[in-house]
Amino acid sequence: MWPAMITFEHVTKRYPDGTVAVEDLDLVCPTGQITVFVGPSGCGKTTSLRMINRLLEPTEGRILVDGNDVRERDASVLRRDMGYVIQQAGLFPHRTVLDNVATVPMLLGVSRKEARRSAAEQLERVGLVPELGKRYPYQLSGGQQQRVGVARALAADPPIMLMDEPFSAVDPVVRGDLQREFLRLQDDIGKTIVFVTHDVDEAVKLGDQIAVFATGGHLVQVDTPERLLAAPANEFVADFLGGDRGIRRLTFLASDRVGLDESDVVDSTVAPGLLEALGDAGRDWALLVGADRHAVGWVPTSGVPAAAAARPVERTFNPAADSLRVALDSALLSPAGRAVAVDDDGRVLGTAAHADILRAVTDEVARSQRVEAAS
Amino acid sequence: MNWEWVTGHLPLIGQLLGEHVFLSVLPVVIGLAVSLPLGIVCSRYPALYGPVLLLTSVLYAVPSLALFVFLLGVTGLHTTTVVIPLALYTLSVLVRNVVDGMRSVPDAVRDAAVGMGFGPLRRLVQVELPIAVPLIMAGTRVATVSNISMVSIGALLGFGGLGQLFTTYGIQLNFFLTAILTGVVLTVALAVAADTIIVGIQRLLTPWAPRGAGR
């Protein structure tokens, strides 16, 4: 099945008591991308999600999947084409993990044997060992249950995935793992995903596109995470994004233009005069590398460049892949106040001071603003 | 204790035991057959549950002997006269447990089932009822054991299973202690056996349930 596009057209959800949960929502969730619905509680983000698979029906307007109104199809049949993952996982307690994952294929009429075979593949895909398939849900940890929930939603290979706060109920460490693996998985499967969360960091991390909802069911802004952080539409969005919006923007700025310096990269054969010269130039530390040019650690320019005395390099950045946020972090963690740049194989390319990184930030921000102005 | 009487009356005791089993199990089967649909309907339409609960509670409060005597005038001297009240008691216990069982299905599980494309009937049969089994079985245990004890009262009508050992062979024979003791011991043993069997069935039906203490 191919990924599909979801379109909201003037969708309003009003309850009989007059409460408006969603008001005049116009939104396109593009094919093969992750659209995150984010906002405070009561903003209509979950209501909007639940109208896609007809767990709720709009009062006005319509929702289209690839141009077809979702109400043209029988609700149960429609839902089998949309993977559904919820916060509490909602695994069937009376079925084994494997049979939980096999649920939708079996609803679609696939034989039990075939459904279980593909279910075992799905378990592997979400990072669970096949032996877990024989267990019952109560025997799993919260993180494992969520993985099973994701595997179950993927089992029938639906073009669309609807995910309602799927990672909110697990602890932060597990959540980080789940988010990383989810992105890796999406790189493979390229589903059209609608992802609801109240966590801005999660939205920025996962979204190709973020839709910010405000209380009362208003859609306030739809944008890429970069643009959202750079140019919030109004004070509500700015407040919602939080205080360190500027720092978080660094995540989207490439570090490939940071000016690198190789003069303080030394190996154990370095002449003592060179270290002295570095010290005279105000450099208290030099980066010692091995014969393979992998970093050994920071050594003081006042002493002998011995590996035993080296201070470890806690974090490096790869200019070809990492953001300026990683580069800055690398500089802040270094005793020399300098970030260590490495290539794909981990060989040291050079070092950069805070100031070099901040200069790159200024350039990148100016550049992205020019791009924005031109578009 | 007159063991000679016991060994001499084994066929009689066996027959009474069989009758006792029949009279206590049949009402459970009938009660289950009625309370399952009733409980399911009540959990789907909560407005109905109040009146149904009131009616079954009133029935449960009517003294069994009074009910036997009343039915005597309707159904006559027949096993039905014993089976109907016991079935009604079973029903009033089980309706609650069926509704509680349906309510024990976590919201997230129901939501996931609907969201994955289960229609109402399939959801009931494949998801909700299996999850309700532990509570329904718990009610069945209570109803069965209490039936086993209550069947004896039917002895006053001549259909009491082991209860006959208290009346016909006990009290009416000048408080013949051996017969009374035999009846008591067998009734208790039957209750324990029935309870064990039901727990065994429950374990077979629910391999998925966490086995906590006291089960």
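A sheet and its surroundings

Modeller: Chain A holds an open sheet of six strands, in the order β6-β7-β8-β3-β9-β10 and with mixed pairing. Strands (E, at least two residues) and helices (H or I, at least four) are DSSP runs numbered from the N terminus, and two strands pair if DSSP finds at least two bridges between them. β6 (82-86) and β10 (218-223) of chain A are the edge strands; each has a single partner strand, so one side of each is left without a neighbour in the sheet. On average, neighbouring strands of this sheet are turned by 15° against each other, with direction ignored.

Before going on, some notes on the source. This is a predicted model, in which local features need pLDDT of at least 70 and side-chain atom pairs count only at pLDDT 80 or more, while totals for chains, interfaces and linings use all residues. Residues are numbered from 1 along each chain as its sequence is written, chains are lettered from A and ligands numbered from 1 in the order in which they are written, and side-chain values use heavy atoms, with hydrogens and water left out.

Inside the sheet, take one pair of strands. β7 (residues 160-164) and β8 (residues 192-197) of chain A run parallel and are joined by five bridges. In this pairing, A:Met161 has A:Ile193 of β8(A) opposite it. A helix, α1(A), packs on this sheet and touches β3 (34-38), β6, β7, β8 and β9 (209-214) of chain A. Contact here means heavy atoms within 4.5 Å. The direction of α1(A) makes about 150° with that of β8(A); axes are lines fitted to C-alpha atoms, for helices over the stretch in contact, and angles run from 0 to 180 degrees between N-to-C directions.

The helix leads on to another sheet. This open sheet of chain A has four strands in the order β2-β1-β4-β5, paired antiparallel. Its edges are β2 (20-29) and β5 (68-69) of chain A, each with a single partner strand, so one side of each is left without a neighbour in the sheet. β1 (residues 6-14) and β4 (residues 60-65) of chain A run antiparallel, with five bridges between them. One of the residues involved is A:Phe8, whose bridge partner in β4(A) is A:Ile63. Helix α1 (residues 45-52) of chain A packs on this sheet too, touching β1, β2 and β4 of chain A, and its direction makes about 120° with that of β1(A). Which sheets does α1(A) pack on, then? The helix packs on the sheet with β1, β2 and β4 of chain A, and on the sheet with β3, β6, β7, β8 and β9 of chain A.

The range of α1(A) is 45-52, and A:Arg50 forms a salt bridge with B:Asp111 through their side chains (3.1 Å, N to O). A salt bridge is a side-chain nitrogen of Lys or Arg within 4 Å of a carboxyl oxygen of Asp or Glu. Across the interface of chain B and chain A, the rule finds one salt bridge. On the side of chain B that touches chain A, α6 (107-116) and α7 (120-150) of chain B each supply at least two residues. α6(B) gives the largest share of that side, eight residues.

The interface as a whole takes 22 residues from chain A and 20 residues from chain B. About 1900 Å² is buried between the chains, and carbon and sulfur atoms give 66% of this. Buried area is the accessible area (1.4 Å probe) that two parts lose on being put together, summed over both. In chain B, the residues that lose the most area to chain A are B:Asp111, B:Met116 and B:Trp208, together 33% of what that side buries. Chain B itself has eight helices and zero strands, and its C-alpha trace spans about 70 × 40 × 25 Å along its principal axes.

Salt bridges also occur within chain A. The side chains of A:Asp99 and A:Arg116 meet in one (2.7 Å, N to O). This pair links distant parts of the chain, 17 residues apart, with A:Asp99 in helix α3 (residues 97-101) and A:Arg116 in helix α5 (residues 112-125) of chain A. Over all chains, 30 salt bridges are found.
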